[in-house]
Amino acid sequence: MEEVFNVQSSVRYDSIQNLSKFKSKRVLNALYKLLKSVDPNIRAVACISLSQTDVQNSTSKDKVVKLLSDSDRLVRESACLALARFKASDTVETLLHVWRNDMISDVRQAAVKALHAIGTPEAIEGMRVVKTLQEEFNKLAIDSEDK
């Protein structure tokens with residue numbers, strides 16, 4: 001199965017779309033295995049594929065949450081987007097942490113999209129606080145430049 005998900009594979013995108021139609025334990029287990037691949041492209045694609053199966057169990061969600069700490073930014077981005085698709089409200093604090101602390105802006109933006117998709121009061125409030133702090137920081141930076 002890893003050959004299908006390889007970035008060089010000509011059937012990768014069709015396979016991803018087709019996997020979203022299957023909800024069998026066998027497909028889920030294969031995707032779980034691919035989440036541990038040494039190839040970050042395979043981990044990222046498997047993560048998105050897992051979210052497209054629409055099987056929202058705690059095992060799938062927990063495996064995706066672990067990918068938020070992956071060394072590869074595309075894998076972390078994919079994890080944020082998968083959690084958005086899962087509407088995983090119990091991951092709001094973790095996504096807020098990613099938004100506040102990830103060094104890569106694309107990952108932070110993916111966390112924002114996930115928080116918007118989840119849309120719980122906790123997510124909205126957390127984003128409001130961070131946005132207010134960012135606005136104050138920007139004002140301070142502009143004031144410093146004017147001097």
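## Chat on a helical chain

Mentor: Start at Ser37, whose side chain reaches the backbone nitrogen of Asp39 at 3.1 Å. Bear in mind that this is a predicted model.

Trainee: OK. Where does Ser37 lie?

Mentor: Ser37 is in the loop between helix 3 (25-34) and helix 4.

Trainee: Is Ser37 buried or exposed?

Mentor: Ser37 counts as buried, because its relative accessibility is 8% and the cut-off for buried is under 20%.

Trainee: And the chain overall, what share counts as buried?

Mentor: Of its 147 residues, 41% count as buried.

Trainee: What does the secondary structure come to?

Mentor: Nine helices and zero strands. From the N terminus on, the order of elements reads α-α-α-α-α-α-α-α-α.

Trainee: Back to helix 4. At what angle do the axes of helix 4 and helix 6 cross?

Mentor: Roughly 5 degrees, for helix 4 at residues 40-52 and helix 6 at residues 73-86. Their axes come within 9 Å. The angle makes helix 4 roughly parallel to helix 6, since angles under 35 degrees count that way.

Trainee: Which residues make that contact?

Mentor: From helix 4, Pro40, Asn41, Arg43, Ala44, Cys47, Ile48, Leu50, Ser51 and Gln52. Helix 6 brings Leu74, Val75, Ser78, Ala79, Leu81, Ala82, Arg85 and Phe86.

Trainee: How does the contact of helix 4 with helix 6 split by class?

Mentor: Eleven residues are nonpolar, four polar and two charged.

Trainee: Switching to helix 7 and helix 8. At what angle do they pack?

Mentor: About 150 degrees, with the axes 8 Å apart. Helix 7 covers residues 92-101 and helix 8 covers residues 105-118.

Trainee: Why is helix 7 called roughly antiparallel to helix 8?

Mentor: Because of that angle of about 150 degrees: it makes helix 7 roughly antiparallel to helix 8, the cut-off being over 145.

Trainee: Is the crossing left-handed or right-handed?

Mentor: The crossing of helix 7 and helix 8 is left-handed.

Trainee: Which residues make the contact there?

Mentor: Helix 7 uses Val92, Leu95, Leu96, Val98 and Trp99. On helix 8 they are Val107, Arg108, Ala111, Val112, Ala114, Leu115 and Ile118.

Trainee: And by class, for the contact of helix 7 with helix 8, how many are charged?

Mentor: One is charged, eleven are nonpolar and no residue is polar.

Trainee: Last topic, contacts in the chain. Among those with a separation of 6 or more, what share comes from residues 24 or more positions apart?

Mentor: Such residues account for 61% of them.

Conventions:
Residues are numbered from 1 along each chain as its sequence is written. This is a predicted model: local features need pLDDT of at least 70, side-chain atom pairs count only at pLDDT 80 or more; totals for chains, interfaces and linings use all residues. Side-chain values use heavy atoms; hydrogens and water are left out. Axes are lines fitted to C-alpha atoms, for helices over the stretch in contact, and angles run from 0 to 180 degrees between N-to-C directions. Helices (H or I, at least four residues) and strands (E, at least two) are DSSP runs, numbered from the N terminus. Angles under 35 degrees count as roughly parallel, over 145 as roughly antiparallel, 65 to 115 as roughly perpendicular and the rest as oblique. A crossing is left-handed if the near helix is turned anticlockwise from the far one by less than a right angle, and right-handed if clockwise. Contact means heavy atoms within 4.5 Å. Ala, Val, Leu, Ile, Met, Phe, Trp, Tyr, Cys and Pro count as nonpolar, Asp, Glu, Lys and Arg as charged, and the others, Gly among them, as polar. Buried means under 20% relative accessible area, exposed over 50%, partly exposed in between (1.4 Å probe, protein chains only). A polar contact is a pair of N or O atoms within 3.5 Å; within protein, one must be able to donate a hydrogen and the other to accept it, and residues adjacent in sequence count only if both atoms are side-chain atoms.
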